[in-house]
Structure formats: structure tokens, C-alpha cells
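The following paragraphs lead the reader through a structure chain by chain and then across the contact between chains. Please keep the sequence and the coordinates in view while reading.

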Amino acid sequence: MLVAALLSGLVLGGTYALVAMGLTLQYGISRIMNLAYGEMIIAAAFLAYVMFSGLGLNPVAGLLIAVPAGFALGYAVYGVMMSPLVKRARDKASLEIDSILATFGLLFVMQGVMLVAFGANFTSYSYLNDPVTIFGTTLAANRVLALVMAVVFGGGLYLLLTRTLWGTALRAVAVNPAAAPLVGIDVNRAARLAFAIGGGLAAAGGVVISMYQTFTATTGVVFTMKALIVVIMGGVGNLIGALSAGLILGLVETFVATYVDPGLTLAATYGIFLAVLLWRPAGLFGRVAR
Amino acid sequence: MIRLLSPAIFLAVVAALAYVPFVADSYGVTLGIGMLGYVTLATAWALFSGPTRYVSLATVAFFGIGAYTVAVFSETIPYPLLLVTAGAIGLGVAVVVGFSTLRLAGVYFVIFTFGLAELIRQLVTWYEVNMAGTLGRYIFLPVTPEGIYWQLLALATITFLISWWIGRSRIGLALKVIGDDEVVAAHCGIDIARVKLALFAISSVIITLVGAIQAPRWTYVEPVIAFNPTISFLTLIMALLGGANRLMGPILGAVPLFLLFEWLSANFPNHYSIILGLVFIAIVFVLPRGVLAFAEENWKRWRRTTPENLPAVAE
């Protein structure tokens, strides 16, 4: 029981971490609070579903299409919707409010398109639904694969951002967008790139989620909320923070569902969120900004 | 002259609106209820969010609390007390939420209120399924549509008067300073947290009452119906379109948008939320400070340019 809860908590947490990494890039580097993020996740989940049941393409191969599509969508959304807002913003606070409002509208547009295309039914497909025994407990193979994919994507992104010059430039913008141009970094380009990478990660997360969970056109909001909670818990723009906070959230949810009541998982999530906001608004690992 | 005229016009409008149920058919009254509901919601939302610039997405949380309180207690508590109970519960939640979140930076507040409605909906669902044993509830109250209309009209009038009064009082001035710069406000000796909390509580109680008054219209209530996020969204759009910083702004936004959405949901039920989202994005881009501010700016520019151009033409 304990090991089973721990393992499925890790799977869930790995997915949350993957999804939250994209949002922390979008908010930390591009300074866009994207409320339509969960809709991007669900759109990718539907894409994986269509490719699997319509074209017979397995989700791992589907990633090769979904991730570039998510990247392109993020790039386009930033170019068309966000950059006019960035240009007109007087300060960080007004950009935040403007971007929240604009992406709130985008949320309804994307949700509406998906409702028209797929209806409001619960959607899922059966891929690799075979039992695998790990540490004496049985787990579906697709969940194990989901965890592996989350680790691969998260680890790859982390290496990319910390070991390459290009990643260092992105992190420099996250730390200090005013000083980054002084060392020759194009802040606008970095912001657009980070937003697009966030879109790619959202798509990866969507495909991973679609492998082992049922989803509907309207569940995007829940994923946005959870990703936001993980981002704030981990500290905005902090990848390792997002990773650990995602795992913590997944474990807490699974333990509440196993030992307390499955209906109270969201309440537990909000409990953690409120506690973090009140005691550590800069995140579990962050320093308080002045 | 204007000082005397404005209250007279205001009274005449309220009296004319109160007379509507005598001449309108049942569809007209239904339309009136919806419109007054959203006018009140948008005005109450702007009461707090306009001057402080704290964007609240929790409108439906309080609206739903009001509706659900009426549904749960409709058989045990007499009607007028029912509204008082709903208002009291709304006040309690507002104080707890406000006390814990209003000290935070604006963006965290937005995120928290974004999730609050979902949280309350989940808690209510959990309670109904596990403790009460049923998910839906029926409301049988001897309240006519006309009665609901007049109650909403009264609430809308009170909300408008509160909004007018706050714009002229010390607390309104304090709010304007907070909205412009919180640090300056703190140095002026304004108790920021207390002012924000008071406004948030007033605004939330009004929103709760709108939900409570409208609840008998539904007859059957489920958490999904009472906590429908579209209500938060519509309120926000309406207040923003008119301009959240003006007394008349939310009303000017609510009336045309309510009619537009009513028409859309009748004619394009499937594409409703897409159009809704596009309208909203357009408002954010084209009229970021509302239609009133936009009109005023253009009017000033037009008046400024015309006299300057005239002598040039004469020469």
C-alpha cells in the first residue's frame, strides 16, 4: 500500500513537474502569466488521442509531432498576442495584469474550440496498459513510461539550460531582465523563445497525461492551477524548485487520495498553496525578493 | 443645477425600472433579472478591483455561496432571514480569504481567486456526496420573478449608491492612493490591509446576495450550475469594457454585453465561449482602460486640435 502510493505519487508528481517547468519558463523569463497553459496541455492530449486512435501512431512517436507543434503554437501566441502587450506595458505589474487578462480570454477560445471539436465527454485511450511489477507492487506500464518521459524531458531541459551558452542567456533574463541587454542578450528574443519552449513542454506534458489519465475539454483549468501552485511553491523561474515542488504535490495528492479521501485531493492542493503563499511567498527554495 | 438634476434623473431611472414588470411580458422580466444581476455584479466587482487594481476572478465563488446557501436552507429558514444568512456566510468567507491573501502581491491574489471557485465547488461537492448523500437540490420558494426583479433592482440601487459614496469619501481617496502606489499610501498613514479588506468584504457580500436572490429562478441547483466560471468571466469583461474606475463604467459595460451574450447564446450555443473569448481579447487590446476613458481621451484630443487648427486655416 505504502510503496504503491509512493510510486503512483512519483508518476503524478513527475508529470506535474514536467508541466510546471514549462510554466515557470513562461512566467519567469517571458514575464507572461499564461492562464491558458492548461488548455495547451489538453490540446496536446487530444492531439495524441487523435493520432493514436485515428492514425495508429503510438504516443512516444506522437511526441515528435506534438512537441514541435506546441513550440510553434507558443511562438505564434507570443508573437501575435503577447508582444504588443509587452511593448505597451509601462512596468512589470501592468504587463502581468494585461497578460493574465489576455490569456484568460485565450483560455475560453481554446476551450470553446475543443468543445466544438471533441464534445464534453471524458476521453482516454488504452496504450501499454499492461501490468509491471516494481518493488513488489503492480503498476501499469504506461505510468512507468510517463515517469521515464518526465525524467528525460525534465533532465534534458535542465542540462540544456545550465550547460549551454544559450541556456545561460535565458537564465540571465530570468534573473535580471534590465541588465541582460548590457551583456548582449536580446531580451525580446529570449522571452519569445522561452514562451515557445514552455508551449513545447506543455505539449509534452499533455501527451504524457493522455497516456494514463482520462481528460475532457474543460479540465485544462485544473492543470493550470496545479502548474501555478507548483511554480509558486518552487519559486518563479526556478527549474529545480519546480521539479521538487511537482514531486511533493504529486506525492501529497496520492497520499491524501489513498489514506484520507479521493474527493479531497484538490482541497489538499489548495491547502498547501495557501500555506506556501502565506509563509514563503518566494517559494520553498527562494529568497524573498526586495 | 447639475447637483439637483443628477439625483432627479437617478430617481426617475430607478422608478421607471421598477415599473417595468407591470408592462413587460415574462421574457422581458427574465431579461431584466439577468441584466440587473450582471449590472450589480459588475458594479460590485469594480467597487473593489477598480481602484485597488486587484483583479479578482472569484466572483462566482461568492455568487455560488449565495445560491447554495439558499438551496440548503430554503426549507428551514424563512425567506428574509435566508438572505441575511447568505450575506453573513459570504462575509465570513470574504474576511478569511481577504485576510490571508490581500497582503500578497497582486499576481498571487489573481491566481488564488482563480482557484478559489474551483476549491469551494469541490468542497461543496464532496460535502454533498459524502455527508448529505445527494448532489443536486431543489429550491421551492414562494418568490415570483417580479419579486426577484424588484429585489435585484433594490440591490443594484444600493450598490450604485455605495459606489457613489465611496468615490467621495475618505476611504475612496485612500483606495485611489493605494491603487497608484502602495508604498506612498503606507507612508501617508493609510492602513492598507484594513482598507482593502473592508472593500473586499463589501463587494463580496453584494455578490453573494446577487447569487442568493437569483437562486429561486433555477428551481434545481447543482455545484456545477451554481459555480459556473463563466459568471466570473462575464462580470470581469463587463466591468473592464465600461471602465472599472468610473461610477457609470460597469453599467455601461454590463448592459450592451449582457444583450450581446444573450443573443449569442440563443443563436450560437456551440460557439458561445469562442466568441466570448475573442470579444474579451479584443477589449483587452483595444480598450484597456474601458470605453469611457477611451471616449474621454478622444473627445479631449478632438477639442484640443480643432481650435488650434482654425487660426491656421484662417491665415
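How many helices and strands are there in chain A? Chain A has 10 helices and 2 strands, where helices (H or I, at least four residues) and strands (E, at least two) are DSSP runs numbered from the N terminus. The model is predicted, so that local features need pLDDT of at least 70 and side-chain atom pairs count only at pLDDT 80 or more, while totals for chains, interfaces and linings use all residues. Residues are numbered from 1 along each chain as its sequence is written, and chains are lettered from A and ligands numbered from 1 in the order in which they are written.

Along the sequence, the elements of chain A follow the order α-α-α-α-β-β-α-α-α-α-α-α. The two strands, β1(A) at residues 131-134 and β2(A) at residues 137-140, pair in the antiparallel sense over 4 bridges; pairing requires that DSSP find at least two bridges between two strands. Within this pair, Thr133(A) stands opposite Thr138(A) of β2(A). The two strands form a hairpin with 2 residues between them, and Phe135(A) in the turn has a positive phi of about 50°.

The overall dimensions of chain A can be considered next. For its 290 residues, a compact globule would have a radius of gyration near 19 Å, and the 18 Å of chain A agrees with this; the radius is taken over C-alpha atoms, and the globule rule is 2.2 Å times the number of residues to the power 0.38. The C-alpha atoms fill a box of roughly 55 × 45 × 35 Å along the principal axes. Buried residues make up 52% of chain A, a residue being buried if 20 or more other C-beta atoms lie within 10 Å of its own, exposed if 12 or fewer, and partly exposed in between, with C-beta atoms placed from the backbone. Among contacts in chain A between residues at least 6 apart in sequence, 77% join residues at least 24 apart; two residues are in contact if their C-beta atoms, placed from the backbone, lie within 7 Å.

Chain B contains 14 helices and 2 strands. A compact globule of 315 residues would have a radius of gyration near 20 Å, with which the 21 Å of chain B agrees. The C-alpha trace of chain B spans about 85 × 50 × 45 Å along its principal axes, and 43% of the residues in chain B are buried. Within helix α12 of chain B (residues 249-267) lies Phe258(B), which counts as buried because it has 20 C-beta neighbours inside 10 Å. Not counting residues up to four places away in sequence, Phe258(B) touches Gly34(B), Met35(B) and Tyr38(B).

Which residues have the most contacts inside the largest nonpolar core? In this core of 189 residues, they are Ala20(A), Ile41(A), Ala44(A), Val230(A), Val231(A) and Ile237(B); a nonpolar core is a set of buried Ala, Val, Leu, Ile, Met, Phe, Trp, Tyr and Cys residues joined through C-beta atoms within 7 Å. Helix α7 of chain A (residues 187-212) gives the most to this core, with 16 residues. Beyond four places in sequence, Val230(A) touches Tyr16(A), Ala20(A), Ala242(A), Ala245(A), Gly246(A) and Leu249(A).

The contact between the chains takes 32 residues from chain B and 32 residues from chain A. On the side of chain B that touches chain A, α5 (106-132) and α13 (272-286) each supply at least two residues, and α5(B) gives the most, with 15 residues.
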